[in-house]
Amino acid sequence: MTILTARSGELDIAYEVLGDPGGEPLLLVMGLGAQMVGWPDGFCAELTARGFHVVRFDNRDVGLSTHLDGPVPARAWSRVPAAYTLADMAGDALAVMDAVGWPAAHVVGASLGGMIAQQLAVSAPERVLSLTSVMSTPSPRIGRMRLRTVLALVRKARRLARERGPATTPEAMADAMVAMQEVTGSPGYPPRREDHLEVLRVAMARDDSGLTGPGAKRQNAAERIAPDLRPALAAVRVPTLVVHGDSDVVIRPEGGRATAEAVPGARLVVHPGMGHELPRALWPRLADDVRAVADRAARRP
């Protein structure tokens with residue numbers, strides 16, 4: 001993996017370029033606390049095989065991008081102010097596009113990355129050729145996790161910690177993720193420990209702070225203060241695809257429906273049995289749908 005760096009204000013944003021430079025530009029934006037390798041190599045290969053020149057990057061505060069020193073909210077209801085906003089994170093995405101030399105790109109975002117992608121389409125519409133929002137929402141108050149899901153995750157985490165201790169190796173973390181997916185995963189697509197392990201071996205060698213580290217907490221604070229983008233999304237005119245799983249309990253399907261209803265002409269695809277993840281079996285279908293929305297953009301006058 002050849003890592004390049006874009007400059008976004010005072011921050012360094014790490015990114016990687018994949019596929020034929022002559023392909024259509026496609027920017028992947030990952031979600032809360034996740035690194036660029038959260039976009040699996042196999043899924044990226046599906047995209048490059050469909051003619052895309054793909055760039056994935058580490059959001060600020062994770063992976064090999066700059067980790068900030070700002071305040072860390074201790075709880076979801078903390079009064080500690082957010083260190084930055086999703087608009088700032090969208091600015092990081094633009095910095096990566098500038099570094100690659102792309103005037104515009106097709107943009108695909110997952111979860112928090114979908115919110116960032118939506119923000120990008122709103123604040124810099126001339127830079128977005130098409131928008132794909134996956135398992136995301138236009139507002140942190142739409143489709144948010146139910147209390148019973150939060151409690152189930154807390155109970156599961158406590159039991160794992162009691163029985164196995166801290167997950168400090170990729171193997172232990174993969175076991176923990178498979179166990180947690182009993183709550184958040186895809187009923188229609190059984191979890192594959194080897195898929196998690198493949199990603200975690202790379203991710204933990206780059207940054208072992210994970211989803212509970214200070215960077216993820218600062219990202220979560222930025223998400224919590226995000227405005228409702230629905231009024232602004234009504235002005236988006238690029239072809240838009242919205243993808244959601246009907247079994248997603250982290251950002252419930254209401255989030256996807258609200259996004260699709262807000263963007264004129266958006267196409268909503270709901271996958272039965274898909275939770276808050278990108279199951280391997282769906283990679284070809286998702287890549288086909290991204291290709292289709294890009295083709296719609298190419299046909300625009």
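## Basis of the description

A residue is called buried when its relative accessible area is under 20%, exposed when that area is over 50%, and partly exposed in between, with a 1.4 Å probe and protein chains only. Helices (H or I, at least four residues) and strands (E, at least two) are DSSP runs, numbered from the N terminus.

The structure is a predicted model, in which local features need pLDDT of at least 70 and side-chain atom pairs count only at pLDDT 80 or more, while totals for chains, interfaces and linings use all residues. Residues are numbered from 1 along each chain as its sequence is written, and side-chain values use heavy atoms, with hydrogens and water left out.

## The chain as a whole

The protein chain contains 10 helices and 8 strands. Its radius of gyration is 18 Å, close to the 19 Å that the globule rule gives for 301 residues, so the chain is as compact as a globular protein of that length. This radius is taken over C-alpha atoms, and the rule is 2.2 Å times the number of residues to the power 0.38. Along its principal axes, the C-alpha trace spans about 60 × 40 × 40 Å.

Of the 301 residues, 52% count as buried. Contact means heavy atoms within 4.5 Å; among contacts between residues at least 6 apart in sequence, 78% join residues at least 24 apart.

Two strands pair if DSSP finds at least two bridges between them. Strand E2 (residues 11-18) runs antiparallel to E4 and is joined to it by 4 bridges; Val17 stands opposite Val55 of E4. Strand E3 (residues 24-29) pairs with E4 in the parallel sense over 5 bridges, and Leu28 has Arg56 in E4 as its bridge partner.

## Met204 in helix H6

Met204 lies in helix H6, which covers residues 193-206. With a relative accessible area of 19%, Met204 is buried. Leaving aside neighbours within four places in sequence, Met204 is in contact with Thr168, Thr169, Pro170 and Met173. Asp98 is 106 residues from Met204 in sequence, and the two are 28 Å apart in space, C-alpha to C-alpha.
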